[in-house]
Amino acid sequence: MITLKEALNKTEGELKEIKSDIKQRAKEYAELNAYIGEIEESGEGVPILIKDNINVKGWEITCASKILKGYIAPYNASVIAKLHQSKMCAFGRANMDEFAMGSTTESSCYGRVKNPLDTSRVPGGSSGGSAAAVAAGIAIASLGSDTGGSIRQPAGFCGCVGLKPSYGRVSRYGLVAYSSSLDQIGPITQNIEDAAILLDSISGYDSLDSTSANLAPLQTFKELNPNIRYKIAVLKDFLKDATPCVQKAYEKTIKTLESMGHTIVEKSMLDTRFHVSTYYIISTAEASSNLARFDGVRYGTRAQANNLKELYLNTRSSLFGEEVKRRILLGSFVLSSGYYDAYYLKAQQVRQQICADYAQIFKECDVILLPVAPSVATPFGAAQSPLQMYLSDIYTIGVNLAGLPALSLPADKDEHNLSIGMQFIGARFAEQTILNAAYGLEKELA
């Protein structure tokens, strides 16, 4: 930097250049200072990537949708406040499927996310950005949300660890709701230990969330034990929907667990097609209700209109993506007069049967082992219809319907070096059990 003495000896032209340089430096300093202010506002500590449907005070939150562009979160989600208390902080936004509706992260208004293991393939969804960033080494760890497998499936596709806690274990306050009875926030990490640390940090009762379970924060990291042996249920009748490489990986994982000393028990439960039907009826019904608030009046962007009716119609028609509109329409249909009993009520009854099936298995077994998905990560555009995309969730959605905890970890690879994920499912609030089982398998596979 030039001194005052030197400046006084400069010509007029040289002084103009100095003034211009000082103005530019001042602008850069102001921008840097504002950025530092944002970091300080978000808290100090280890940086954790945050999915774009979790509120962070002062940050734009869009849920990867044009309809929320420009909306700034006025408060912190409870999980963000808990991160600050645990020497961690929110740092960066993760891309996602629009409003968490999708299994490929292709429906985002920002463009698709690529799988770091093979950039021609999907990373899974809807927390595809969260999983891809961790797998690529861009983020130390991240938070995602899981409505029907949206943490576990992308973690399985990208080769990292994804944990969906029991419903009520982690506060949903500050999470933009897709399906309120199914959504849960959870960690995506590089290994089991990190998943336990992050889960412990965000768990616990929250008076701001009416669905929060009145339980103390977890201490799973301190209690991690890879040496406990469990009775593990396997559902081989589910394997008919899986590709040969996934079937092979499942059998291989079962043999590994058996060789470690775990007891393997074959079980069966309601066919996966009932899980899929039930999930999509309930989730879309709740989505149609939850997304009614995005009308161009209260949040984000609004379309041009001459009256209120046009405002609603133009905003929702032009700013919601195709998948979101599809699910809103389906949800509105199943809740409409004359169809409520035929679809929504029956779906709730089947949901109770699914819960009962899981409860029966857990009377005899400690853990259930299932693949995360029926195939490895597919190439972009492989799903020829929405139904094909929906079927990629067949092994994960039952867990959400029953409110159970489940953890996915990379257990094998196919001939193209793509990750094959396996998930451990536990009884409600049995996070320690699935973490222990997965920790033991992780060490065995290392």
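In what order do the 10 strands of the open sheet follow one another? In this predicted model, the order is E2-E1-E3-E5-E4-E9-E10-E8-E6-E7, and the pairing within the sheet is mixed. Strands of a sheet pair through backbone hydrogen bonds, either parallel or antiparallel. Strand E2, which covers residues 88–94, and strand E7, which covers residues 263–266, stand at the edges with a single partner strand each, so one side of each is left without a neighbour in the sheet. From one strand to the next, the twist averages 30°.

The protein chain is divided into domain 1, spanning residues 4–225, and domain 2, spanning residues 272–349. The C-alpha centres of these two domains lie 26 Å apart, and the contact takes 19 residues from domain 1 and 19 residues from domain 2. Between them, the domains bury about 1,700 Å², of which 61% is on carbon and sulfur atoms. On the side of domain 1, the residues that lose the most area to domain 2 are Ile67, Met101 and Tyr178, which together account for 39% of what that side buries. Across this interface, zero salt bridges are found, whereas 12 residue pairs are in polar contact, with both residues at pLDDT 80 or more.

Terms used: Residues are numbered from 1 along each chain as its sequence is written. This is a predicted model: local features need pLDDT of at least 70, side-chain atom pairs count only at pLDDT 80 or more; totals for chains, interfaces and linings use all residues. Side-chain values use heavy atoms; hydrogens and water are left out. Two strands pair if DSSP finds at least two bridges between them. Helices (H or I, at least four residues) and strands (E, at least two) are DSSP runs, numbered from the N terminus. Axes are lines fitted to C-alpha atoms, for helices over the stretch in contact, and angles run from 0 to 180 degrees between N-to-C directions. Domain bounds come from an automatic or database domain assignment. Contact means heavy atoms within 4.5 Å. Buried area is the accessible area (1.4 Å probe) that two parts lose on being put together, summed over both. A salt bridge is a side-chain nitrogen of Lys or Arg within 4 Å of a carboxyl oxygen of Asp or Glu. A polar contact is a pair of N or O atoms within 3.5 Å; within protein, one must be able to donate a hydrogen and the other to accept it, and residues adjacent in sequence count only if both atoms are side-chain atoms.
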